[in-house]
Amino acid sequence: MSWGTELWDQFDNLEKHTQWGIDILEKYIKFVKERTEIELSYAKQLRNLSKKYQPKKNSKEEEEYKYTACKAFLSTLNEMNDYAGQHEVISENMTSQITVDLMRYVQELKQERKSNFHDGRKAQQHIETCWKQLESSKRRFERDCKEADRAQQYFEKMDADINVTKADVEKARQQAQIRQQMAEDSKADYSLILQRFNQEQWEYYHTHIPNIFQKIQEMEERRIVRIGESMKTYAEVDRQVIPIIGKCLDGIVKAAESIDQKNDSQLVVEAYKSGFEPPGDIEFEDYTQPMKRTVSDNSLSSAKEGKPELRFGGKSRGKLWPFIKKNKGVTPEDFSNFPPEQRRKKLQQKVDDLNKEIQKETDQRDAITKMKDVYLKNPQMGDPASLDQKLTEVTQNIEKLRLEAQKFEAWLAEVEGRLPARSEQARRQSGLYDGQTHQTVTNCAQDRESSPDGSYTEEQSQESEHKVLAPDFDDEFDDEEPLPAIGTCKALYTFEGQNEGTISVVEGETLSVIEEDKGDGWTRIRRNEDEEGYVPTSYVEVYLDKNAKGAKTYI
């Protein structure tokens, strides 16, 4: 099958068809180009989506990503970012391997098509010229033949006429011979041009046109093959990124499988655990007795209003840890306004941050020291004395940070030492935790020595630098009648009540008990009817009155 033999007379249709083929190729190029733009737009939208939901640095939202579900979501965002990158790769590869390549090929194809059809038109013009020459020689031959016939007929007429002179007859004969010769020449010329035209025509239809059409056919077939290869490349570009996209999706699945609901539940406990123990049983208050028993904070009646009220609820003034002051906008340096467990975490975090700062400053000091040594060995590189001020500043910073770290470490040690075990707290609340040796009391007292607001007792120099914010007991003492004594207590150790709401006692001193320990480790006592406050329960030995069913010792 050859266009040169099968379509020898379809020059114009072939010209239209090849132009249509180029249009199809340009349409495919436009399609791929729009696909690359879509891929880039999709990748951009995916990246913006991933960025939109990324946690903001140094924000509360960033702290939420300690949970495994949030970590899995963060991994999903990162994988989607990589997923978007693969769509950018698709766009880049399609642009370089298809769009650019085909656009260059289209230009070459147009040039080749133009050249082939130019040759075809040139061959057409040549054969048309030959045909015109043949037609011209044919008409001339026909005209000469007719004139020769007329001249011969005129001669014969003149020769038959007796009235015509011999000279006129000779002249007519000569004219007839001339016309006859011209007809013979025209015949010979026409015959020659006809033979030449037939030769040219044969070459045109059997050589020139087949060759030109064959080139056009090959050009068109190359175009078809090229567009087919481009379609394969189109598919391969997508196929090449499938493994990486699969890894992205596998990463999302792996992140989802890493979600641990138990771990997240434990993190909630660690985040919000206060360290308090649940309140114990409410003791029966016998109002039939002549002695007026003090209404404790966790009783079912209000001392002021005299009507039932649940005092240990969220709105009551009763406190499971009465010395923790609510945060009113200013957080104390020792975090004493936090529950014990949360305070421990805050202090631990502060200690870790300070240690990091110390390490950073230490590394800077070491670097400056090494630089100074280099300057000492090579004075031309710099003046060693120029580093002394900087070295002094760094050293002072290190010392300042170390003192700060020691202060927070002391508070941390105090908090970790005062958190009681759950079983011990329950036993203390039930009143069964007695009979311990004096050594046990001593150790417990030393371990638990702290102020009511949970602050650590520092040396006097540190106390002058930082005053621990104590809780406000005014609203518990003001506008109330003096509470009656419910027993007595003897101080086992000396306690210096330096914070607001506490009272100092001396070892061996006897005082009145006006409010017993409610499970928080503190007992409210009074001295001389005008001075009262809280002391650690482990520092005193409490004796309730006879209505309290004997004396209890709180350790």
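In the predicted model, strand β3 (residues 522-527) is joined to β4 by 6 bridges, and the two strands run antiparallel. Strands (E, at least two residues) and helices (H or I, at least four residues) are DSSP runs, numbered from the N terminus. Within this pairing, I525 has G533 of β4 as its bridge partner. Both strands belong to an open sheet of 5 strands, ordered β4-β3-β2-β1-β5 with antiparallel pairing; strands are taken to pair if DSSP finds at least two bridges between them. The edges are formed by β4 (531-536) and β5 (540-544), each of which pairs on one side only. From one strand to the next, the twist averages 40 degrees.

Helix α4 (residues 68-160) and helix α5 (residues 166-257) have axes that come within 6 Å and cross at roughly 175 degrees. Axes are lines fitted to C-alpha atoms, for helices over the stretch in contact, with angles from 0 to 180 degrees between N-to-C directions. The two helices are therefore roughly antiparallel to each other (angles over 145 degrees). The residues of this contact comprise 45 nonpolar (Ala, Val, Leu, Ile, Met, Phe, Trp, Tyr, Cys and Pro), 23 charged (Asp, Glu, Lys and Arg) and 21 polar (the others, Gly among them).

The pLDDT (the predictor's confidence in each residue, from 0 to 100) averages 79 over the chain, and 79% of the residues score at least 70. Residues 419-479 have a pLDDT below 50, and this stretch has 129 contacts (heavy atoms within 4.5 Å) beyond near neighbours in sequence. Where pLDDT is low, the predicted coordinates should not be read in detail.

Residues are numbered from 1 along each chain as its sequence is written. Local features need pLDDT of at least 70 and side-chain atom pairs count only at pLDDT 80 or more, while totals for chains, interfaces and linings use all residues, and side-chain values use heavy atoms, leaving out hydrogens and water.

Note on methods:
Angles under 35 degrees count as roughly parallel, over 145 as roughly antiparallel, 65 to 115 as roughly perpendicular and the rest as oblique.
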